[in-house]
Protein chains: 2
Amino acid sequence: MKLQAVDIGKTASAASIIFDSLRRAIIEGELADGEPLRQDEIATLFNTSRIPVREALTRLEQQGLVESRRYRGAVVAGISAREAAEIFDFRSLLEGEVIAVSVPRMTSQSLLEARQHFQSFMDSEEPMEWGELNRRFHYALYRDSGLDYHLKVIDNALDRVERYLRAQLLMTEGLEQANREHLQILAACEKGDAVLAADLTRQHILGAKQTLVDYLESRKSA
Amino acid sequence: MKLQAVDIGKTASAASIIFDSLRRAIIEGELADGEPLRQDEIATLFNTSRIPVREALTRLEQQGLVESRRYRGAVVAGISAREAAEIFDFRSLLEGEVIAVSVPRMTSQSLLEARQHFQSFMDSEEPMEWGELNRRFHYALYRDSGLDYHLKVIDNALDRVERYLRAQLLMTEGLEQANREHLQILAACEKGDAVLAADLTRQHILGAKQTLVDYLESRKSA
DNA sequence: GCTAACAAAATCGGATCCAATGAACAATAT
DNA sequence: ATATTGTTCATTGGATCCGATTTTGTTAGC
């Protein structure tokens, strides 16, 4: 008997549905920084009580996506230019390492997927898709490292800065640059050059950092 | 008006008290891997309802310290030798970077504190204190990096492996080695040699990794 | 004696209810 | 008029209650 088995027991609880939904909304920038998240409001929105909402909010708080103060409620967590810069440095360090480990073990399957996601990213006109497609591209290249813990931490770090990345991509000429750099990274992986892939990945991230920090500081002074 | 002001508003909620308490118990190994954490039991223990217990458990789950399955409850999360090894590699990468950034900015105040914690660690006979003293020592050396995000992630990674570290320190001759290496790291920082400090830190962590992995695998086969 | 079907107990996720706190606003005194 | 105090309202944290699911124990059949 061959079935697509699903891990029941991890089927969606109300809390996880709300969590995923809020996480997405925050990451995609639908909810602005500082926007208050009222438990009641969200509860009615999802036709539940406040209990699962609270669980979702505590999870989001643990991930740094919302800040919550006792009896005052939760707000979407913003980020300072300083923090953003640090997170990009952090990603640069980790993702460089991960891709370096990944390249020697990389399967043609993963390379194929990466190429497909690269194409989708290039073709996409929908800014809301960029984040997801970008993640899939990079994830395909990182996967074979087998470094699950690293990957989880990287994912979390991306969650924190993705909104700002999108804003930056929209404002500047960052999109063409991202495409160019993605292609270079892909080529390095296909060549099996781990050192080059790692170096390009780090530069890719640090470049984005610089553009973003400039952008954030220009907004601050404006 | 001069008063010793306390930041009320960040005063402990029942949930955070329970969270801290459980976190400590797990990290210090008082609760064994796989030990079930019954909401009711914990609630009576703290004289509260299950609600704050649930919040504490979801927070712990987010941090990877407990695993919880729907309708089945939460258990203390164990760790495989593979995961442990990965987390040590992860720490090695991050802590090396952090101390390298920290050394050039290090104040004599921090160096002094580090030396004090180093002494306390050496003098301590109480295994339950090791983890905390070890953290304080390293934290004093990392602090001036200003890399708060990195530090939070490192702290979380330490939470995941600290129990096993203690077991390993108790079982082997790791304690003298740790003291030797701590002293070397401290000396490098005092000399202002960032590259050396980073290198020693990485070796310090990777050495512990090897001992621990050997230990874990010997236990598995036993 | 062992297994399968069923019933009972334990436990969890979520709903509803109440108390504690903070914010907005009105009333009062200077 | 303004600052201060008191009051009301919105909102959160926690308690209690209920339905859903899993686990355990019991009984019937072989």
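Trainee: How many residues does the contact take from chain B and from chain A?
Mentor: The contact takes 21 residues from chain A and 20 from chain B, where two residues are in contact if their C-beta atoms, placed from the backbone, lie within 7 Å. This is a predicted model, in which local features need pLDDT of at least 70, side-chain atom pairs count only at pLDDT 80 or more, and totals for chains, interfaces and linings use all residues. Residues are numbered from 1 along each chain as its sequence is written, while chains are lettered from A and ligands numbered from 1 in the order in which they are written.
Trainee: Which helix provides the largest share of the side of chain B that touches chain A?
Mentor: H4(B) does, with 6 residues. Helices here are DSSP runs (H or I, at least four residues), numbered from the N terminus.
Trainee: How is the side of chain B that touches chain A divided by class?
Mentor: That side has 8 charged, 6 polar and 6 nonpolar residues. Asp, Glu, Lys and Arg count as charged; Ala, Val, Leu, Ile, Met, Phe, Trp, Tyr, Cys and Pro as nonpolar; and the others, Gly among them, as polar.
Trainee: Why do the copies meet through the same surface?
Mentor: Because 95% of the interface residues of chain B are also interface residues in chain A.
Trainee: Which residues come nearest to DNA strand C?
Mentor: Of the 20 residues around DNA strand C, the nearest are Ser13(A), Ala14(A), Ser49(A), Gln39(B) and Gly73(B).

Notes:
A residue is near a molecule or strand if its C-beta atom, placed from the backbone, lies within 6 Å of it. Helices (H or I, at least four residues) and strands (E, at least two) are DSSP runs, numbered from the N terminus.
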